[in-house]
Each structure stands twice: as structure tokens, then as C-alpha cells.
Amino acid sequence: MKFARRRLLVGTTVAALALGIMPGATAVEDTDPFKVLVVGKTTGFRHASIVPATTAIMAMGDAHGFEVDVWDPPSTGVPGGNSPGQPDRTLPSTPFTSAADLAQYETLVFVSTVDGTNSLNPARPTLLDADELAALQGYVRAGGGFAGVHAATDSMHTVPWYGELTGGGARFRSHPANQLADKVVESPAHPSTQMLPPVWHRYDEWYNFFVSPRPSVHVLLNLDESTYGAGSGAMGEDHPIAWCHNFEGGRSWYTAGGHTNESFVTDVLFLEHLLQGILWSAGRVDGGGDCVTFFEVRNLLADLEAAEFDAPAERARQAAAVRNVTSHVDRGEALAEDGDRDGAMRELRTASTLARALGPDAAAGAVLSGKLLDLVAWQQGLADAGM
């Protein structure tokens, strides 16, 4: 199964196109078409914004050269009432038949796919059954993309793997009333944030999560709990609200925004944020370090340290070389946390050079070396933004 990665620099938004307004930036687009699957199916609480979100993503496809399929069938027996779905748009049967069948899509966009499993009752059916989940896992592990919107984290609570896919096991916990709040951009060079102001003031429903995903994801936006109603936030200073990561071979991107209908109709910045997140998860845009994390790099180092060699001497040399690279990564991470961008980049570049010699074959070291250069690109983006 092969998933293409092509660069697409987009400077327009769905809202602007709908209004006939062209922002100043120029779009340079790949004309090679691709497909996206929007999943709006719910078997729990139904968000009214699923329909306008689907409409907006279909408009994005028309404007930017991708085809959109929809999986949002009506559901019966849903607590609080049956789900109407989108019968005029949905596919006639589940697309989650196999990883090979899902491979026709560059990315899957889960839009507020609530399934009522937040009670952690093992008897409650999950959004995807066992066979459908296996298809999703195979698809991601073969390089498929995933983009989650708003209540995509309020789904399949009893499936730990899904929580890791959406990001660091961060499951929806609660939310206050809709209100204005500030989101602080933490990764200004990523395609889905580079159009945003450093502090993004907007109105939405602000999710609290059971845990912060920060240890294993690349945080894009952090919610400033001091800027909205007292007692509304439940996570403190570390309150990621949008993030991304490279997961089991695929790309995963998530934004907690998108509860309101207006997010998908009139909120130009949110629409561009969403568009670029979808395109990044599909491998059609790159930048800002492509969501590589120190967590990801350390996992690669652990794999290389455990690699098999024919001779004990070769294994010993490999272990020593891994320790050397790790020491530079450790120093680079510490300097990055201290805000010393130049120092961090210096250590990471050195680690990248040394990493090329690691592994039982050249490819393994080359992958790690490239990931380390992605960390350099992330630090450079922060330096360019004066962060």
C-alpha cells in the first residue's frame, strides 16, 4: 500500500472562496487528485456542526483538488434519540472493510464521532466494530492519514489504541459553556498554524482532557485558561488544544475546535487551520518539522539499540554509537526546553550526522538522521518567530 506525499501551498480559504474574496497569498497546488473520507457517524451525542463541517470539507475538495466521500449513516437506538446521519451523502455501506480498501483515501477526517463510550462500559458498542477497527489500524500502519476534529476524542474510549492515534491517550473529559478564550500558538511554522496570530482569540467549546498528550505529541496550540471563565479550565497551564504526531507509520492531526456551526461557515482562520491540517495528514503539505517529537526519536533510538548483529563486537559498537547520539539528543532537548534554539539545533545537527552510521543497514540510520533534522526545522521555526 502506498500513500503519496506531495507539497501543496495553499493561501485561500473555503470561506473566502465562497464569498468571492481572494486573500493576498498565492496558492501553488499539485494538480494530482486524491481522495479524503469524512467520517461523521455517531452513536452517541450528535453535534449539529457535523453537517456544516462536511459541507465545508467538500467545498475545500472542490477548491483544492481532492474528492470527498462521506460515511455518516443514520443510527438507531442512540441515547437521547436516533441519529439522522447524512443519508443523501453517505456511502451505502461501511468503508472500513479492509486496510486495502481504505487505501484509496489519503486521509480520514473524523468529525465529532461521539459513540457514548465515555462511561467506559465494556458492553457499550464502539463506533467501529472489531473488524472495522482492524481495517483502520492496518490503514494507519501502512501510512494512512488521520485528522480528528472536536469530539473525535470523545469516541472509542474503551479502545486504548484509538486514544493513542488521536494523540497521547488524551480523551475528552468535560467542557464549560461556549465562550471566548485565547489559544497560544506553540508551533508557528507548521502548515496548520502558520496563518494564525501568535495569540488566537476565538469563541468555541473548550475541551478538558483526562491527560495532557504533550509527552508524546507535537503541540500546535495551547489554551490559556486564564482568559476564560474562572473554573472553566481543568488542566492548568499545560492545556494542549491542537496537536499532531507521526503514529505507527501514519500522520495524525487533531484540533479540539469546531463545536459551533460558525466554525465551518464564517470563521476564516479556523477553516484554513482545518484545511492545512487535513492536507498535512494526507502528506500534501510539509513544514515546521512535520510533527516529529523527541518521544518519536527516542523510540527510534531504542529500536536501533535493540537491532540484531552477527558479531558481539558489532552489537557493542552499535550500543556505544547509540549512547553517543542519545547524549546529543538529551542535550538538544534540554537546550530547547531552556529556549536556546541555536544550541539545540547545534546538538541535533551533530546527532543527525552521527545517526547516519547507526543500524544494521544504511536505511535505518538515514531515517533517524532525517527525523533529527525535522527537530532542527521545528527549532528553526521557533527561532524565526522569536520564540
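Mentor: A contact, in this discussion, means heavy atoms within 4.5 Å. The model is predicted, so local features need pLDDT of at least 70 and side-chain atom pairs count only at pLDDT 80 or more, while totals for chains, interfaces and linings use all residues. Residues are numbered from 1 along each chain as its sequence is written, and side-chain values use heavy atoms, leaving out hydrogens and water.

Trainee: Which residues does D238 touch, not counting residues up to four places away in sequence?

Mentor: D238 touches S212, R214 and N222 under that condition. The C-alpha atoms of D238 and N222 are separated by 7.1 Å, with the two residues 16 apart along the chain.

Trainee: With which side chain does the side chain of D238 make a polar contact?

Mentor: A polar contact is a pair of N or O atoms within 3.5 Å; within protein, one must be able to donate a hydrogen and the other to accept it, and residues adjacent in sequence count only if both atoms are side-chain atoms. Here the partner of D238 is the side chain of S212, at 2.9 Å.

Trainee: How many disulfides does the structure hold?

Mentor: A disulfide is a pair of cysteine sulfur atoms within 2.5 Å. The structure holds 1 disulfide, formed by C244 and C291 with their sulfur atoms 1.9 Å apart. The torsion about the S-S bond of C244 and C291 is about -85 degrees, so this disulfide is left-handed.

Trainee: Is C244 buried or exposed?

Mentor: Buried means under 20% relative accessible area, exposed over 50%, and partly exposed in between (1.4 Å probe, protein chains only). C244 is buried because its relative accessible area is 0%. C291 is likewise buried, at 0%, whereas D238 is partly exposed at 28%.
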